[in-house]
Amino acid sequence: MSRFLISILLLATCTSFAFASDPSPLQDFCVADPKSPVVVNGVVCKDPKVVQAEDFLFRGLHQMGNTSNNVGSDVTPVTVAELPGLNTFGISMARIDFAPMGINPPHTHPRATEILTVIEGTILVGFVTSNTENRLITKVLEKGDVFVFPEGLIHFQKNLGNGYALALAALSSQNPGVITIANAVFGSNPDIAADILAKAFQTDINVVYQIQSKF
């Protein structure tokens, strides 16, 4: 096999991996049918003959979320679960409300890059690069500022103001997923063994028990 042909094959392979994410649509639309018993990687399409305008509509994003909780924030997602018409389009969005000094705690989206726009308030944002550098990249955003969080990296937001703050996020997957770090590590079901967490966080095992009790 010639070097030229090998190069072409390698380029094609790399290109296919580079664009591997949500599948591209092969028709005008593929409205999700959550009631289908068929299990696929994604969501089965509803018969296009019974698709209605409501399948492409989500209402209520103007409504403020309930931030009366331990972290002082609330996320209103608009994914394929809430808006079936998003199926196969590779996009979703979310509204994020913040109480004064509220946070959206460190989390990741395993299947999506996120781009966040501040609608109201002053918000501290940041993400951490992967091992072994673990570099913190952070910025204070004002109204109208836009910031991007790379796919899969741990990131967070904090309202720095004394009033409520609001941001809108767009994500590059119909089902981006979310893993909140504290909940996953200290609130897993069943619990991760406390001695493992104590060693991982280099702390006393009783501290781990105390944190786990909060989740």
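Is lysine 143 buried or exposed? At 57% relative accessibility, lysine 143 counts as exposed, where exposed means over 50% relative accessible area, buried means under 20%, and partly exposed lies in between, with a 1.4 Å probe and protein chains only.

The model is predicted, so local features need pLDDT of at least 70 and side-chain atom pairs count only at pLDDT 80 or more, while totals for chains, interfaces and linings use all residues. Residues are numbered from 1 along each chain as its sequence is written, and side-chain values use heavy atoms, with hydrogens and water left out.

Let me begin with the overall arrangement. The protein has four helices and 10 strands; these are DSSP runs numbered from the N terminus, helices being H or I of at least four residues and strands E of at least two. From the N terminus on, the order of elements is α-β-β-β-β-β-β-β-β-β-β-α-α-α. Of the 215 residues in the protein, 33% are buried. The protein exposes about 13,500 Å², and carbon and sulfur atoms supply 60% of that area; accessible areas come from the Shrake-Rupley method with a 1.4 Å probe, and for residues only the protein chains shown count as cover. As for contacts, meaning heavy atoms within 4.5 Å, consider those with a separation of 6 or more: residues 24 or more positions apart account for 69% of them.

I turn now to the sheet. An open sheet of five strands has the order β6-β5-β8-β3-β10, with antiparallel pairing. Its edge strands are β6 and β10, each of which pairs on one side only. Two strands are taken to pair if DSSP finds at least two bridges between them. Strand β3, residues 103-108, is joined to strand β8, residues 155-159, by three bridges, and here isoleucine 103 stands opposite lysine 158. Two bridges join β3 to strand β10, residues 179-180, with threonine 108 opposite isoleucine 179.

Next, the interior. In soluble globular proteins, nonpolar side chains tend to be buried together. The largest nonpolar core in this model has 14 residues, of which Phe98, Leu116, Ile123, Val125, Leu141, Phe147 and Phe149 touch the most other members. By nonpolar core I mean a set of buried Ala, Val, Leu, Ile, Met, Phe, Trp, Tyr and Cys residues joined through side-chain atoms within 4.5 Å. The elements that give two or more residues to this core are β2 (92-98), β4 (114-120), β5 (123-128), β7 (146-149) and β9 (165-171). A second, separate core has six residues, including Val185, Phe186, Ala194 and Val208.

Which residues does phenylalanine 149 touch, not counting residues up to four places away in sequence? They are Thr113, Glu114, Leu116, Val125, Gly126, Phe127, His155, Phe156 and Gln157.

Leaving aside neighbours within four places in sequence, glutamine 212 is in contact with Phe186, Asp191, Ile192, Ala194 and Leu197.

On the surface, Ile115, Val146 and Val148 form a nonpolar patch with about 240 Å² of accessible area together. Such patches are made of residues with over 30% relative accessible area and no salt bridge; nonpolar side chains (Val, Leu, Ile, Met, Phe, Trp, Tyr) are joined within 5 Å, and like charges within 9 Å. Valine 148 is found in strand β7 and, at 43% relative accessibility, counts as partly exposed.

Finally, the salt bridges. The structure holds three salt bridges, each defined as a side-chain nitrogen of Lys or Arg within 4 Å of a carboxyl oxygen of Asp or Glu. In one, aspartate 97 pairs with arginine 95, the closest N and O atoms being 2.8 Å apart. Aspartate 97 is buried at a relative accessible area of 2%, and arginine 95 is buried at 7%. In another, aspartate 55 pairs with lysine 46, with the closest N and O atoms 3.0 Å apart. Here aspartate 55 is buried at 10%, whereas lysine 46 is partly exposed at 23%.

That brings me back to lysine 143, which forms a salt bridge with glutamate 120, the closest N and O atoms being 3.6 Å apart. Lysine 143 lies in the loop between β6 (136-141) and β7, and glutamate 120 lies in strand β4, so the pair ties together parts that are 23 residues apart in sequence. Glutamate 120 counts as partly exposed, at 40% relative accessibility.
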